[in-house]
Amino acid sequence: MKKLLFMFAMAVAMFAASCGSSNTPSDAVTEIYSLIMAGKYEAVADCFQYDNVKPEEMEQAKAMIVSLFSEKMAPKLEQKGGLKGVETLEEVIAEDGQSATVKVKMIYGDGSEETQDVKMVLNDKGEWKASMSK
């Protein structure tokens, strides 16, 4: 029953997550990791800001993100027993309000944990997106 409830919650999160409806950088990062946990890498690609990509190259850029997640990240996650949860540890929004860094703790199925800083930017539509720059 718990497994069914978890699957239902993930499905609801997947449909609710549009990577553009988030009011805070932390909300957007949570949505991204929910999509990663669900293996929805095409939707994850939509969560990035593609500032230096020409419109005619957008599909190729998104395909590269999908490939990166499916071919590189997914096997690493599988080795650690999958990604079981993510906790936001800190959110720092720049003074101009246009960028932020969100520190998260990733919790893996094997019990290990890892922290990561996720750079976010606010696009011209008021949506928080993951930054492709370092």
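Me: What should I know about the model before I start, and how are residues numbered?

Reply: This is a predicted model, so local features need a pLDDT of at least 70 and side-chain atom pairs count only at pLDDT 80 or more, while totals for chains, interfaces and linings use all residues. Residues are numbered from 1 along each chain as its sequence is written, and side-chain values use heavy atoms, with hydrogens and water left out.

Me: OK, what does the pLDDT look like for the protein chain?

Reply: The average pLDDT is 86, and 83% of the residues score at least 70, where pLDDT is the predictor's confidence in each residue, from 0 to 100.

Me: And where does pLDDT stay under 50?

Reply: That happens over residues 1-18, for which the model has nine contacts beyond four places in sequence, a contact being heavy atoms within 4.5 Å. Where pLDDT is low, the predicted coordinates should not be read in detail.

Me: How many helices and strands are there?

Reply: The protein chain has four helices and five strands, and along the sequence they follow the pattern α-α-α-β-α-β-β-β-β. Helices (H or I, at least four residues) and strands (E, at least two) are DSSP runs, numbered from the N terminus.

Me: What share of the residues is buried?

Reply: Of the 134 residues in the protein chain, 33% count as buried. Buried means under 20% relative accessible area, exposed means over 50%, and partly exposed lies in between, using a 1.4 Å probe and protein chains only.

Me: Which residues touch the most other members of the largest nonpolar core?

Reply: They are Tyr 33, Ile 36 and Met 120, in a core of 27 residues. The elements giving two or more residues to this core are α2 (25-37), α3, α4, β3, β4 and β5, and α2 gives the most, with six residues. A nonpolar core here is a set of buried Ala, Val, Leu, Ile, Met, Phe, Trp, Tyr and Cys residues joined through side-chain atoms within 4.5 Å.

Me: What is Met 120 in contact with?

Reply: Leaving aside neighbours within four places in sequence, the contacts of Met 120 include Pro 25, Ala 28, Val 29 and Ile 32, and also Trp 128, Lys 129, Ala 130 and Ser 131.

Me: Lys 129 is a lysine on that list, so where is it found, and is it buried or exposed?

Reply: Lys 129 is found in strand β5 (residues 128-131). Lys 129 is buried yet has no salt bridge, and the nearest side chain of opposite charge, Glu 127, is 4.0 Å away. For charge, Lys and Arg count as positive and Asp and Glu as negative, while His and the chain ends are not counted.

Me: What does the side chain of Lys 129 reach, then?

Reply: The side chain of Lys 129 reaches the backbone oxygen of Asp 46 at 2.8 Å.

Me: How many salt bridges are there in the whole structure?

Reply: A search finds five, where a salt bridge is a side-chain nitrogen of Lys or Arg within 4 Å of a carboxyl oxygen of Asp or Glu. One of them joins the side chains of Lys 62 and Asp 46 (2.9 Å, N to O). That pair links distant parts of the chain, 16 residues apart, with Lys 62 in helix α4 (residues 58-79) and Asp 46 in the loop between α3 (41-45) and β1 (48-49). Lys 62 is partly exposed, with a relative accessible area of 22%, and Asp 46 is partly exposed as well, at 36%.

Me: Which strands hold Lys 105 and Glu 87?

Reply: The side chains of Lys 105 and Glu 87 meet in a salt bridge (3.7 Å, N to O). Lys 105 is in strand β3 (residues 99-108) and Glu 87 in strand β2 (residues 83-93), 18 residues apart. Lys 105 counts as buried at 18% relative accessibility, whereas Glu 87 counts as partly exposed at 36%.

Me: And what about Asp 117 and Lys 103?

Reply: Their side chains meet in a salt bridge (3.3 Å, N to O). Asp 117 lies in strand β4 (residues 113-122) and Lys 103 in strand β3, so the pair ties together parts that are 14 residues apart in sequence. Separately, salt bridges that share partners join Glu 87, Lys 105 and Glu 113 into one network.

Me: Last topic: where is Gly 109, and what does Gly 109 touch?

Reply: Gly 109 is in the loop between β3 and β4, and, not counting residues up to four places away in sequence, Gly 109 touches Lys 80, Gly 81, Gly 82 and Lys 84.

Methods: Polar contact = N/O pair within 3.5 Å; in protein donor to acceptor, adjacent residues only side chain to side chain.
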